[in-house]
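Me: I've got a model open and some labels I'd like to pick apart. Can you take me through them?

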Amino acid sequence: MATIGFIGLGNMGAPMAANLMKAQHKVTGYDVVAGPVSTLELQGGKGAANAAEAAAAGDIVVTMLPAGPQVRAVYLGPNGIIAKAKKGALLIDCSTIDVETARLVSEEAKKAGLEMLDAPVSGGVMGAQAGTLTFMVGGTEAAFAKGRPILANMGRTIVHAGPAGNGQIAKICNNMMLAVSMIGVCEGFALAEKLGLPSQTLWDICSTSTSQCWAMTNYCPMPGPVPAAPSNRGYPAGFTAANMLKDLRLSQAAAGQAAAATPMGAAAANLYQLFVDGGKGALDFSAIMQMVRRHGNAG
Ligand code: NAD
């Protein structure tokens, strides 16, 4: 049993913290919003009044925050995690953020004598609830060995991707590929609809053909073929279109810095930008089907 400080109890963080408690760890949680802290207390955890208090309470400190600016705000500065964590604590940031921030914060932790992992996840809210997330982890071998058993309480697949920041590289590449495949599936189903082929027939054929991919088989954006998918419930998030856009911006920025050509990633970023600008950012990212279908029908 470990003592764990958990900061950021949102869609992902709340079920992840709950799984740590189910595994008998002592969790002290904090979020800027009060509701999730009260829920954590009802589940047997301890609420903290601020991030510093949660950080000081754990041998392990886990964060699950929206993006790089929040990670910098929570980790750095006189009341940040790095200043307030226990001597010898392991810091694990599970947020999806820019590689630069991940490396900067890890370097600052190292200067303070603390080990740190960047450990972004794949698997969404359903994976967080079920404890089946995939963790892609950057950091030293020693820090990975220490963090792995804790991550195993929240996920099923835990991969060491290399030094600090490499977890974030894997994550932004994964999400860029996911966005491109999601839009591809949307276009295929919208075209088939226009041409008169039922969605179920297309799915039956393509889910065992060469266009098969996770976006189609597990998360089909066209209502009908995959009953558990958000498309059958009005596209509640899940993983929001706004967060997908955030991740596409991260991969585009990284591609620019590395002079890598990612034209499909750029196209996906533009399409998600249009969708979010249309006021749909809070919907699940698979809801981009609505935009593709509307334009298809209008065309
Ligand atoms: P969320 O917005 O639901 O949760 C973030 C939480 O952090 C919120 O509760 C917010 O109040 C809290 N927060 C913000 N600033 C804070 C601060 N300074 N101190 C303490 N708490 C603060 O987001 P989420 O869906 O849980 O995603 C979290 C991260 O995980 C993001 O980086 C996202 O890209 C990534 N991610 C999400 C999913 C998904 O399906 N939702 C999947 C994989 C990865």
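Reply: A salt bridge here is a side-chain nitrogen of Lys or Arg within 4 Å of a carboxyl oxygen of Asp or Glu. By that rule, domain 1 and domain 2 have 0 salt bridges between them. This is a predicted model, where local features need pLDDT of at least 70, side-chain atom pairs count only at pLDDT 80 or more, and totals for chains, interfaces and linings use all residues. Residues are numbered from 1 along each chain as its sequence is written, and side-chain values use heavy atoms, with hydrogens and water left out.

Me: Why is the pair Lys 86 and Asp 59 called a salt bridge?

Reply: The N to O distance between the side chains of Lys 86 and Asp 59 is 3.2 Å, and the cut-off is within 4 Å, so the pair qualifies. The pair links distant parts of the chain, 27 residues apart: Lys 86 sits in the loop between helix H5 (81–84) and strand S5 (90–93), Asp 59 in the loop between helix H3 (51–56) and strand S4 (60–63). Helices (H or I, at least four residues) and strands (E, at least two) are DSSP runs, numbered from the N terminus. The structure holds 4 salt bridges.

Me: Which stretches count as domain 1 and domain 2?

Reply: Domain 1 is 3–163 and domain 2 is 169–298; such bounds come from an automatic or database domain assignment. Their C-alpha centres lie 29 Å apart.

Me: What makes domain 1 and domain 2 count as being in contact?

Reply: Contact means heavy atoms within 4.5 Å, and 13 residues of domain 1 meet that with 10 residues of domain 2. About 960 Å² is buried between the two domains, 67% of it on carbon and sulfur atoms. Thr 96, Val 99 and Met 136 supply 40% of the area that domain 1 buries against domain 2, more than any other three residues. Buried area is the accessible area (1.4 Å probe) that two parts lose on being put together, summed over both.

Me: What stands out about the peptide bond between Ala 237 and Gly 238?

Reply: That bond is cis, with omega about 25 degrees. Gly 238 lies in the loop between helix H11 (214–217) and helix H12 (241–258).
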